Each structure stands twice: as C-alpha cells, then as structure tokens.
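Subject: Structure handover

Hello,

Here is the structure for your review. My notes follow below it.

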Amino acid sequence: MRIATWNVNSVNARIETVLRWFEEAKPDVACLQEIKCVDEKFPTEAFERLGYNVAVHGQKTYNGVALLSKAPLEDIRRGLPGDDGDDHARYIEAVVSGPEPVRVGCIYLPNGNPVASEKFAYKLGWMARLHAHARSLLALEERFILLGDYNVIPEPRDAEFPANWERDALFQPESRAAFRALKNLGLTEAYLQADGAPGAYTFWDYQAGAWQRNNGIRIDHALLSPQAADVLAGVAIHRDVRSWDKPSDHVPVVVELGL
DNA sequence: ATGGTAGACCTTCTA
C-alpha cells in the first residue's frame, strides 16, 4: 500500500500537474495540503474518475487539506482537537478501511514566521496539540501514520544551506524540539528508517532560483505508530516533480507499507 | 539589508 503526502499549493491552480502525478504514481492513499479552496470548490469529480474516495477540510484562500483513498474512508475527523477557537483548516484524519485498516492523519502544520509574532506561538501551540493527539492515538495501539507538511527542518542535514534558516521558524530550536518530542512518544520517522540519506529535500522555494541552486529543505515528513512501522517497506521522494511545468514548491513523498 | 516568486483576491496576506 502506497500512502502519499503532497503540499500542492492550490489544487485548482495546479490541477493538471496534480492529476498527471496521480495517473503516474497511482497512490492508494494521498494527503493533500494547501488546497486553498472551500469544500465546494475542490475538484472532487476529477479524483473520483481516477477511483478515489474524497474527504475534504477546506478553507477560503488559505490552508485546506484533503484525503483521497481507493478504499473507503471511515471515522473521518476534521480539525485537530484541543482548541475550538482554531479556525485554520490544517488537519483531516480517517481510517482507510479494509482487512488491514490504517488510520491516516493529514497534517499542514503552521509555518510560524515571523518568529517574533503570534504566528510562532500558534505554531508551537499547534505542535503541542498534535503531541497530545498523537499520544491519545498511541494508546489505542493501532496502525497509524501522521504525514504531511510539518514545516520543520529537523536537523542541519535536512537543509542544503542550514545557515540560511537560522532565524526562520522552521529551524528554531523550539520547533525542532517539539518535532523531536513528538517522535520520542514512540513514533518512527519513515524517511530515516527506510533510507536516511542526507540531501533529500521536499521543498524548494520559488524565489531566487532555489530549485536551480538546490537550495532545498526536508519538511514533509511521515511518522508511524509502532504497528505501522512494523510494516514499513520504503519511502520515495518524487524530486523530479519539482522540474515539471507549473510545479508546487513541494514534491510528493510516498510511504510504502507492506499491506 | 533586501529582493527574489507564486496564489488568492481586491490590496495585501501568506508562504
């Protein structure tokens, strides 16, 4: 079973690129972030034609996440628990049904810039809520995977030019510590477990020729529960997609489970 | 010290 995550930076502006990738990669499950549209504007029919069930948690202009799955989705949850006042659409979760079900949480973690602002506090608060939610999921002892755009550069090796990011919210000690603490609950980071080679990036900014200079960072991650880690078979970063026409600034990451 | 690009949308905000 292949489970993908991809921050598409507007699903409607990018629909041709997105559908081309789906037809080539044929993921069983996909998490999309930054769809940048309300539920009614999501191109549901286009994905249904490719055989996907669709669950959307959309928002006007900003954010927005979606789950796509060949198998039916059950127990769908929209929004990260822990703050009823949080109106950003940044989390959707569901159980992919079947003989060997897997719970999938689709994450669009706040960017948090600039650091000296309420946005950084929001990022850290969101990470604390994610931590609490992951802890409650772990108590169920189920197979689950939390994947998406974490907006965290975990280590210096996850940036081509780490010094460029020293004042950025994605690389602050607090952001990195919160990501580390999340993993230390007992989650396995898929990429490190399956490959681990440095220089594997998932995001290149549109600006200042970042792609041409390989000025990239690894910020799209997949964290697995112990039951999911038991069946982890591989991870692939679809780097080449960044060179396509009208690319997102992120590329897809595909986790393979032996299911 | 700042600009560089992209998307949504109305003029500036977010990334």
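Does Glu34 count as buried or exposed, and with how many C-beta neighbours inside 10 Å? Glu34 counts as buried, because it has 23 such neighbours. The cut-offs: a residue is buried if 20 or more other C-beta atoms lie within 10 Å of its own, exposed if 12 or fewer, and partly exposed in between, with C-beta atoms placed from the backbone.

The model is predicted: local features need pLDDT of at least 70, side-chain atom pairs count only at pLDDT 80 or more, and totals for chains, interfaces and linings use all residues. Residues are numbered from 1 along each chain as its sequence is written, while chains are lettered from A and ligands numbered from 1 in the order in which they are written.

Backbone points

Glu34 is not a glycine, yet has a positive phi of about 50°. Glu34 sits in the loop between β2 (29-33) and α2 (44-49). Helices (H or I, at least four residues) and strands (E, at least two) are DSSP runs, numbered from the N terminus.

Asn214 is another non-glycine with a positive phi, here about 55°. Its loop runs between β10 (203-204) and β11 (216-217). Asn214 has 13 C-beta neighbours inside 10 Å and therefore counts as partly exposed.

Pro114 is in the loop between β7 (102-108) and α3.

Helix α1

Helix α1 covers residues 15-25, and Val18, Trp21 and Phe22 are buried in it. Seen down the axis, the buried residues of α1 fall within an arc of 100°, so they line one face of the helix. The arc is that of the directions from the helix axis to the C-beta atoms. Glu16, Glu23 and Glu24 are exposed, on the face of α1 turned away from its buried side.

Helices α3 and α4

Helix α3 (residues 118-138) packs against helix α4 (residues 173-183) at an angle of about 5°, with the axes 10 Å apart. Axes are lines fitted to C-alpha atoms, for helices over the stretch in contact, and angles run from 0 to 180 degrees between N-to-C directions. That makes α3 roughly parallel to α4 (angles under 35 degrees count as roughly parallel, over 145 as roughly antiparallel, 65 to 115 as roughly perpendicular and the rest as oblique).

On the α3 side, the contact is made by Lys123, Leu124, Met127, Leu130, His131 and Ala134. From α4 come Glu174, Ser175, Ala178, Ala181 and Leu182. Two residues are in contact if their C-beta atoms, placed from the backbone, lie within 7 Å. By class, this contact has 7 nonpolar, 2 polar and 2 charged residues. Ala, Val, Leu, Ile, Met, Phe, Trp, Tyr, Cys and Pro count as nonpolar, Asp, Glu, Lys and Arg as charged, and the others, Gly among them, as polar.

The buried residues of α4 are Ser175, Ala178, Phe179 and Leu182. They cover an arc of only 100° around the axis, so they are on the same side of α4. Their cover includes α3 and β12 (220-224). Pro173 and Arg180 are exposed, on the face of α4 turned away from its buried side.

Ser175 counts as buried because it has 24 C-beta neighbours inside 10 Å. The C-alpha atoms of Ser175 and Lys123 are separated by 8.2 Å, though the two are 52 residues apart along the chain.

Regards
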